[in-house]
Amino acid sequence: MTRWGILATGNIAARFAEDLRLVPDAELVAVGSRTRESAELFARRHDVPRAYASWAELAADPDLDAIYVATPHAAHHEAALACLAGGKAVLVEKPCTLDLPTTTELVETARARGLFLMEAMWMRTNPLILRVLELIGDGAIGEVTHVRADFGVAGPFPPEHRMRARTLGGGALLDLGVYPLSLAHLVLGAPQHVQAWAKLTPEAVDENTGMVLGWDSGAVATLSCGMVGATAITASITGTTGRIDLPELFFRPAHVVLHRAGAEPETIPADLTGGGYQYEAIEVQRCLAAGLTESPLVPHAATLEVMGLIDDIKARIGVSYA
């Protein structure tokens, strides 16, 4: 049995708590917040036995095996460090932190303490996404030449909303763009060439961003993210002999469509239950049972490379959280 704690009490924490019910040998035993009222309300709503009024109290609970950090981006670094200081395995919501140096510090701290750390990039643990990677690896579409993905939401958001507030790590890139970037990285690895443009808000965070990535192989990725209009939130992966289309919510699709040269399109359905967060919890528990300190599905190297790519793009579009 893996005994879980959740740090933070917002919407994504609630969704994780619900999906954790679907995970064999998982038990949610504690929640922590910066206020007792918030922690106790979450505990009542989700039948959590213990509620703590501070992150440190949660991290010090001797009955916990793993903690899921679900705070806004700007607090990921501090919260995850507190959990590691308490000797806990940590699943930290994406993006891991606001920049590469602080993400590197988390990775190095976890490694030094011999503790498990994983970024909660749930797309990388989704069974259908893993099937897509198998198809690509088996040569179903030939050599990959192009990845296209978009993630845009309509808004509008008030200046104090986490999507716009600079102090909370606001902006489309960190919240939404991490998905198209992670898909391109998952398929092609780290790019050798990067270009980007963005329109910034009055708070100096990006509200509409376009990115073009290039690889020495000749492959390219055209990606976008924004909070000024609801895009299709789809993706396609094109190869020399075919294409795989990922429909709306490409990071947790209900199905994908495989187009092989000279053949009828093949629809491959997802056999999913719940919201999809349970698969990252299952991966954490599998790794802990195997004595691993990082996941082969969401390795530290991938987290660091994507965060480095985000830093590169931030510099190009003029966004800084310093």
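Begin with the second largest pocket, which has a volume of about 160 Å³. A pocket is defined on a 1 Å grid over the protein atoms alone, as an open set of points with protein on both sides within 12 Å along at least five of seven lines, and lining residues have an atom within 4 Å of a point. The volume is the space filled by probe spheres set on the points, which are joined across faces, edges and corners.

The model on the screen is predicted: local features need pLDDT of at least 70, side-chain atom pairs count only at pLDDT 80 or more, and totals for chains, interfaces and linings use all residues. Residues are numbered from 1 along each chain as its sequence is written, and side-chain values use heavy atoms, with hydrogens and water left out.

**Stop 1: the second largest pocket.** Select Ala 8, Thr 9, Ser 33, Arg 34, Thr 35, Ser 38, Trp 55, Thr 71, Pro 72, Ala 74, Ala 75 and Leu 168, which line this pocket. By class, its lining has six nonpolar residues, five polar and one charged. Here Ala, Val, Leu, Ile, Met, Phe, Trp, Tyr, Cys and Pro count as nonpolar, Asp, Glu, Lys and Arg as charged, and the others, Gly among them, as polar.

**Stop 2: the largest pocket.** Of its 27 lining residues, select Ile 12, Arg 15, Lys 94, Arg 162 and Asp 175, the closest to the centre. Helix 1 (11–20) and helix 7 are the elements that give two or more residues to this lining; helices (H or I, at least four residues) and strands (E, at least two) are DSSP runs numbered from the N terminus. The lining of the largest pocket comprises 14 nonpolar, seven polar and six charged residues.

Stop 3: Keep Asp 175 and Arg 162 selected; their side chains meet in a salt bridge (2.4 Å, N to O). The term denotes a side-chain nitrogen of Lys or Arg within 4 Å of a carboxyl oxygen of Asp or Glu. Asp 175 lies in helix 7 (residues 172–188) and Arg 162 in the loop between strand 7 (144–152) and helix 7, so the pair ties together parts that are 13 residues apart in sequence. Is Asp 175 buried or exposed? Asp 175 counts as buried, at 9% relative accessibility, while Arg 162 is partly exposed at 38%. Buried means under 20% relative accessible area, exposed over 50%, and partly exposed in between (1.4 Å probe, protein chains only).

**Stop 4: further salt bridges.** The structure holds 17 salt bridges. Select helix 6 (residues 127–137), where Arg 131 and Glu 134 lie three residues apart, about one turn of the helix. Their side chains form a salt bridge (3.2 Å, N to O). Arg 131 is partly exposed at 33%, and Glu 134 is partly exposed at 45%.

Finally, select Asp 245 and Arg 243, a salt bridge whose closest N and O atoms are 2.8 Å apart. Elsewhere, salt bridges that share partners join Glu 18, Arg 21 and Asp 47 into one network.

Technical notes
1 Å grid on protein atoms, 1.4 Å probe; cavity = no way out; pocket = protein on both sides within 12 Å on 5 of 7 lines; lining within 4 Å.
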